[in-house]
Amino acid sequence: MNSGDSNAIQDGVTLGVDYTGDSSPPALGDDCILRAGTIIYNDVSIGDGFSTGHHATVREHTHIGDGVLVGTQSVIDGETIIGDQTSIQTGVYIPSGTEIGDRVFIGPNAVLLNDPYPVRVDVDLTGPTIEDDATIGGNATLLPDVTIGEQAFVAAGAVVTEDVPPKTLAMGVPATHHALPADLQQRNEL
């Protein structure tokens, strides 16, 4: 493992799950906090100031920027890119093929998906794209291959079935688009 300085790694953390027999240890930046039960696979790169809650999982071929939080029992299923200063709360599921920008907030128990026809049709798996400063409310569901635009706001419990334009509020089941209220028209402060 390539570990930076001043990292706090609690007992019960698993670093470097070799999923192929020929993978490289994860690379951790400086000042990371990994709480008990966290599992980080090989072929993962993580920036400075990364922290996890308990029992978080980060799968292979994931790149995570600086200052990212991955909450308790959240799962990042690999082949994923996460930008800087992003906050992923408790119980979030992020599938492979997902791209997340900078300063994104993903609320508790949000579910992102990458398979439009689970176990029925063989298709390429493509997760959502979440652009900079977007907010995803708790228990929201994002269907495969949707894009959440910059500074968009997805309300709690929404089911997003189509792209959400930048600076737009998406709410409901299925989500419909509305003008973003003036008090929500700014970058996220994470």
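**Figure 1. Arg 187 and its salt-bridge partner in the predicted model.** Arg 187 is partly exposed, because its relative accessible area is 48%, in this predicted model. The side chain of Arg 187 meets that of Asp 133 in a salt bridge, with an N to O distance of 3.8 Å. Since Arg 187 belongs to the segment after β25 and Asp 133 to the loop between β18 and β19, the pair ties together parts that are 54 residues apart in sequence. Asp 133 is buried, with a relative accessible area of 2%.

**Figure 2. A salt bridge between Asp 133 and Arg 103.** The side chains of these two residues meet at 2.8 Å, N to O. Asp 133 lies in the loop between β18 and β19, whereas Arg 103 lies in the loop between β15 (99-100) and β16, so the pair ties together parts that are 30 residues apart in sequence. Arg 103 is buried, at a relative accessible area of 18%.

**Figure 3. A network of salt bridges linking Arg 59, Glu 60 and Asp 77.** Within this view, Arg 59 forms a salt bridge with Asp 77, and their closest N and O atoms are 3.9 Å apart. This pair links distant parts of the chain, 18 residues apart: Arg 59 is in the loop between β8 (57-58) and β9, and Asp 77 is in the loop between β11 (75-76) and β12 (81-82). Arg 59 counts as partly exposed at 25% relative accessibility, and Asp 77 is partly exposed with a relative accessible area of 25%. A search of the whole structure finds four salt bridges.

**Figure 4. An open sheet of seven parallel strands.** The order of the strands is β3-β6-β9-β12-β15-β18-β21. At the edges stand β3 (27-28) and β21 (147-148); each has a single partner strand, so one side of each is left without a neighbour in the sheet. Inside this order, β6 (residues 44-46) and β9 (residues 62-64) pair in the parallel sense over three bridges. Val 44 has Thr 62 as its bridge partner in β9.

**Figure 5. Strand β24 and its pairing with β22 and β25.** Strand β22 (residues 153-154) pairs with β24 (residues 168-171) in the parallel sense over two bridges, and Phe 153 stands opposite Leu 169 in β24. Strands β24 and β25 (residues 176-179) run antiparallel and are joined by four bridges. The partner of Leu 169 in β25 is His 178. The hairpin of β24 and β25 has four residues between the strands, and Gly 172 takes a positive phi near 105° there.

How values were computed
Residues numbered from 1 in each chain as written. Predicted model: local features only at pLDDT ≥ 70, side-chain atom pairs only at ≥ 80, totals over all residues. Heavy atoms only, no water. Pairing = 2+ DSSP bridges. Buried < 20%, exposed > 50% of the residue type's maximum accessible area, 1.4 Å probe, protein only.
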